[in-house]
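Here is a short report on selected helices, strands and residues. Please keep the sequence and the 3D view open while reading.

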Amino acid sequence: MTIRKNLVFISIGLCLLTLFLAYLSFQSIAGNNAKYLKGDGYEYILMTESLANHLTPDLRLNDVTSLYSRINALTHTSPDNYRFFAYADMLKKGTNYVGFFKTADHQYYSYHFWFYPLLNVPALYLTKVFNLSPVYCFLITHSIIFFLASLFLLTATGFTIRQRAFIFAFYLFSGVTYYFNWYSPELLTASLLLCGLLLLLQKKPIASAFLLALAAQQNPPIGLIAFGILIYQSLKIIHAKRSLKNTIRQFLLIAGVTFILSASPLFYLIHYGTPSLIIADGYSKTHLITQYRLFSLFFDINQGMIVAIPSVLLVFALSFVFIISKVIYQHKLSDATKKTIFTVLLMLMMTLMLAIPSLSAPNWNCGMSVFLRYACWTAMPIGVAMMVILNTFSKRIFYILFAFILAIQIPILFSFSITGDDAYLSHKKIAIYVMNNKPDWYNPVPVIFVARGLQKDIFVEHKPVPETDVIYFHVNQSQHSVRKILYNTKNIKTVLPFCQNKTIAELTQITKPVTTENNWEYLNLPVGLCQTSLSQGLHEIK
């Protein structure tokens with residue numbers, strides 16, 4: 001009977017997966033996002049072309065020209081296609097340009113590792129065979145990854161049907177699909193991470209570390225988890241009474257995974273003398289790692305994790321509090337409850353291990369689809385923790401909570417057309433409403449407020465963002481009032497002509513400032529304090 005139920009479940013899951021993937025692919029092809037390269041996509045597709053042409057990731061002039069000729073012939077002109085000419089010019093002049101750096105022996109490699117492009121090579125060959133634009137190689141690769149990951153989630157042994165049903169639904173509706181038609185490794189990273197964590201729960205630590213090590217090639221914070229698993233497993237083997245043959249076999253597997261884990265830093269150490277070009281070139285700044293950004297990663301209403309999985313976060317928090325409260329009230333802890341709490345705490349620790357290094361990114365309002373790229377894969381341990389918690393409830397409670405989660409997640413997913421959007425330079429409607437009516441409820445990281453308010457990418461390499469000499473203020477036109485002011489503390493004595501020539505210092509005596517990061521503060525003003533006839537939205541004065 002159990003085998004029959006399992007087969008029925010897998011069959012239904014595969015049918016749903018097929019329909020979902022077909023619709024997802026149709027939406028991706030029909031939309032404009034999949035037709036044009038953007039952001040890191042240029043680096044990834046150029047590396048894919050290099051690997052396809054000469055089996056090495058070093059960029060050569062022929063790679064640029066051959067790729068551009070095919071894209072230009074098969075794709076509508078993109079406003080960013082000038083970058084192909086810029087890369088060709090870089091190679092001719094021997095300079096550096098966005099994402100690519102010259103080595104001492106005059107080779108060019110990207111500061112993004114080449115594992116993800118390597119996976120794209122077979123799909124790039126298929127685009128040639130079927131005379132498709134090379135940009136579609138990412139969609140082909142993502143389709144295969146999505147299918148294989150879903151198949152693993154549906155068939156993973158050691159989990160109940162309820163657990164597999166939830167984690168499969170979580171994968172489909174958690175926002176991973178927002179990056180399905182993006183030319184970046186977010187979908188790959190989230191898929192490997194989720195499957196790797198399930199392998200860990202299956203008590204297959206080396207297999208788990210292997211998948212996490214692969215994911216870490218593009219997003220290094222995941223390597224911390226993989227390294228921790230390998231250390232733990234090594235200590236376990238040392239203290240276990242195993243045969244010499246089995247011990248050697250285990251350590252050889254650990255050595256192999258360790259080599260994979262170290263592949264990216266070793267590559268850059270050999271070619272550039274540093275384990276990370278991203279850090280060396282200033283794209284990671286430790287002073288930006290703050291509690292303020294950590295809160296933003298999860299709860300910013302423009303781009304935090306809460307935008308993609310609000311119901312999961314809500315049910316997870318309430319369920320975990322319920323379990324802890326129950327333990328405290330009953331003054332006893334069963335073995336099953338101990339295991340549940342330990343697993344949930346482990347997943348929360350892993351979530352922080354993924355989140356904290358991501359906070360060092362200088363451009364916190366980077367290109368994204370619906371929500372932050374970092375939040376996309378950082379959400380995976382939370383999904384696993386939710387699966388573990390739900391399994392402790394009765395069938396009735398499980399189905400009620402599961403139905404509640406789906407009732408919120410599915411409409412949200414379809415509101416963003418499943419494949420998401422890249423509107424990272426405009427506020428979401430809820431953010432505009434809050435700033436207009438309850439401005440003190442939302443005080444985002446300054447770059448979010450400014451870039452989305454001005455609707456332009458203000459990030460400039462190696463310079464403070466936003467500009468410290470500028471004061472920004474948000475106007476609610478219907479109330480004829482300035483509701484929110486962002487200023488750097490060095491401008492505290494600046495006179496504000498839109499506020500009866502009061503200084504910022506004077507306003508701080510009326511309303512308490514909210515401190516954010518890098519000496520930036522908000523003033524949230526009551527209606528009528530600073531009246532203006534200016535238009536709705538963000539304005540600036542220098």
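Two strands pair if DSSP finds at least two bridges between them. The model described here is predicted.

## The sheet

Strand 4 (residues 481-488) and strand 8 (residues 520-524) run antiparallel and are joined by 5 bridges. Leu 486 stands opposite Tyr 522 in strand 8. Tyr 487 has Glu 521 of strand 8 as its bridge partner.

Strand 4 also pairs with strand 3 (residues 471-476), again in the antiparallel sense and over 5 bridges. Here His 474 has Lys 484 in strand 4 as its bridge partner. The hairpin of strand 3 and strand 4 has 4 residues between the strands. In that hairpin, His 480 takes a positive phi near 55 degrees.

How many residues of strand 4 are buried? The count is 8 of the 8, so strand 4 is largely enclosed by the rest of the structure.

Val 475 lies in strand 3. Its relative accessible area is 0%, which means it is buried, since the cut-off for buried is under 20%. Leaving out residues up to four places away in sequence, Val 475 touches Asn 436, Ser 481, Val 482, Thr 532, Leu 534, Ser 535, Gln 536, Gly 537 and His 539. Leu 61 is another matter: Val 475 and Leu 61 are 414 residues apart in sequence, and their C-alpha atoms are 50 Å apart in space.

Helix 1 (residues 2-30) and helix 6 (residues 137-155) have axes that come within 10 Å and cross at roughly 160 degrees. That angle makes helix 1 roughly antiparallel to helix 6. Their crossing is right-handed. Residues of helix 1 that meet helix 6 include Phe 9, Leu 17, Phe 20 and Ser 28. On the helix 6 side, Ser 143, Phe 146, Phe 147 and Leu 154 are among them. The residues of this contact divide into 13 nonpolar, 6 polar and no charged.

Helix 10 (residues 221-239) and helix 16 (residues 335-358) have axes that come within 7 Å and cross at roughly 145 degrees. Helix 10 passes helix 16 in a right-handed crossing. Pro 221, Ile 222, Leu 224 and Ile 225 in helix 10 meet Met 350, Met 353, Leu 354 and Pro 357 in helix 16. By class, this contact of helix 10 with helix 16 has 8 nonpolar residues, no polar and no charged ones.

## A buried helix and a buried loop residue

Is helix 18 (residues 380-390) enclosed or open? Buried residues make up 11 of the 11, so helix 18 is largely enclosed by the rest of the structure. Among the buried residues are Met 380, Pro 381, Gly 383 and Leu 390.

Thr 419 is found in the loop between helix 19 (395-415) and helix 20 (429-437). Thr 419 is buried, with a relative accessible area of 6%. Neighbours within four places in sequence aside, Thr 419 is in contact with Leu 24, Gln 27, Ser 28, Thr 177, Tyr 178, Asn 181 and Ser 369.

Methods. Residues numbered from 1 in each chain as written. Predicted model: local features only at pLDDT ≥ 70, side-chain atom pairs only at ≥ 80, totals over all residues. Heavy atoms only, no water. Helix = DSSP H or I, 4+ residues; strand = E, 2+ residues; numbered from the N terminus. Buried < 20%, exposed > 50% of the residue type's maximum accessible area, 1.4 Å probe, protein only. Contact = heavy atoms within 4.5 Å. Axes fitted to C-alpha atoms, helices over the stretch in contact; angles between N-to-C directions. Left-handed = near helix turned anticlockwise from the far one by under 90°. Nonpolar A, V, L, I, M, F, W, Y, C, P; charged D, E, K, R; others polar. Parallel < 35°, antiparallel > 145°, perpendicular 65-115°, else oblique.
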